[in-house]
Amino acid sequence: MLYLPWMKTVEIHIKGKVQGVGYRYSALYKATVLGIQGYVKNNYDSTVTIVAEGEEEKLDEFVIWCHNGPSHAIVESVTVTDTEPSHRKTFKIK
């Protein structure tokens with residue numbers, strides 16, 4: 001994928017009841033629909049980390065979704081940090 005000026009990469013950390021509720025699979029679906037590349041993974045401290053890359057407008061929509069997640073998730077906080085481009089071609093679950 002060619003990295004264009006209107007593209008952005010962010011690292012998102014989600015805390016709350018976000019494991020065991022389908023958060024990663026729902027994030028994969030949402031990212032795919034929005035055309036976002038990157039990955040989502042569970043962490044040992046029961047949080048979820050997402051690295052997402054795409055058009056800024058689509059990333060904004062994705063971050064808004066992250067504040068709610070799937071229906072069984074209880075999101076307590078979402079932290080978004082700009083990061084270096086990952087140049088991934090797909091979005092996957094790690």
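Modeller: One term to start: pLDDT is the predictor's confidence in each residue, from 0 to 100. This is a predicted model.

Biologist: Fine. What does the protein chain average, then?

Modeller: A pLDDT of 93. At least 70 is reached by 94% of the residues.

Biologist: And where is confidence lowest, and where highest?

Modeller: Lowest in β1, with a mean of 95. Highest in α1, at 98.

Biologist: On to the sheet. What order do the strands come in?

Modeller: The order is β4-β1-β3-β2-β5. That makes an open sheet of 5 strands with mixed pairing.

Biologist: Which ones are the edge strands?

Modeller: β4, residues 74–82, and β5, residues 91–93. Each of them pairs on one side only. On average, neighbouring strands are turned by 20° against each other, ignoring direction.

Biologist: In what sense do β2 and β3 pair?

Modeller: Antiparallel, over 6 bridges. β2 covers residues 37–42 and β3 covers 48–55. Asn42 stands opposite Val48 of β3.

Biologist: Now the helices. Which strands does α1 touch?

Modeller: α1, residues 23–34, packs on the sheet and touches β1, β2, β3, β4 and β5. Its direction makes about 170° with that of β5.

Biologist: Which residues of α1 are buried?

Modeller: Tyr23, Ala27, Ala31 and Leu34. Down the axis of α1 they fall within an arc of 65°, so they line one face of the helix.

Biologist: Why would that spacing put side chains on one face?

Modeller: An α-helix has 3.6 residues a turn, so residues three or four places apart point the same way.

Biologist: What sits on the face turned away?

Modeller: Tyr25, Tyr29, Thr32 and Val33, which are exposed.

Biologist: How far apart are the end C-alpha atoms of α1?

Modeller: 16 Å. Just after α1, Gly35 takes a positive phi of about 75°.

Biologist: And α2, which strands does it lie across?

Modeller: α2, residues 56–66, lies across β1, β3, β4 and β5. It runs at about 155° to β3.

Biologist: Which of its residues are buried?

Modeller: In α2, Leu59, Phe62, Val63, Trp65 and Cys66. Their arc around the axis is only 155°, which puts them on the same side of α2. Glu57 and Ile64 are exposed on the other side.

Biologist: What do those buried α2 residues pack against?

Modeller: β1, α1, β3, β4 and β5.

Definitions and conventions:
Residues numbered from 1 in each chain as written. Predicted model: local features only at pLDDT ≥ 70, side-chain atom pairs only at ≥ 80, totals over all residues. Heavy atoms only, no water. Pairing = 2+ DSSP bridges. Helix = DSSP H or I, 4+ residues; strand = E, 2+ residues; numbered from the N terminus. Axes fitted to C-alpha atoms, helices over the stretch in contact; angles between N-to-C directions. Contact = heavy atoms within 4.5 Å. Buried < 20%, exposed > 50% of the residue type's maximum accessible area, 1.4 Å probe, protein only. Arc of directions from axis to C-beta. Expected span 1.5 Å × (residues − 1).
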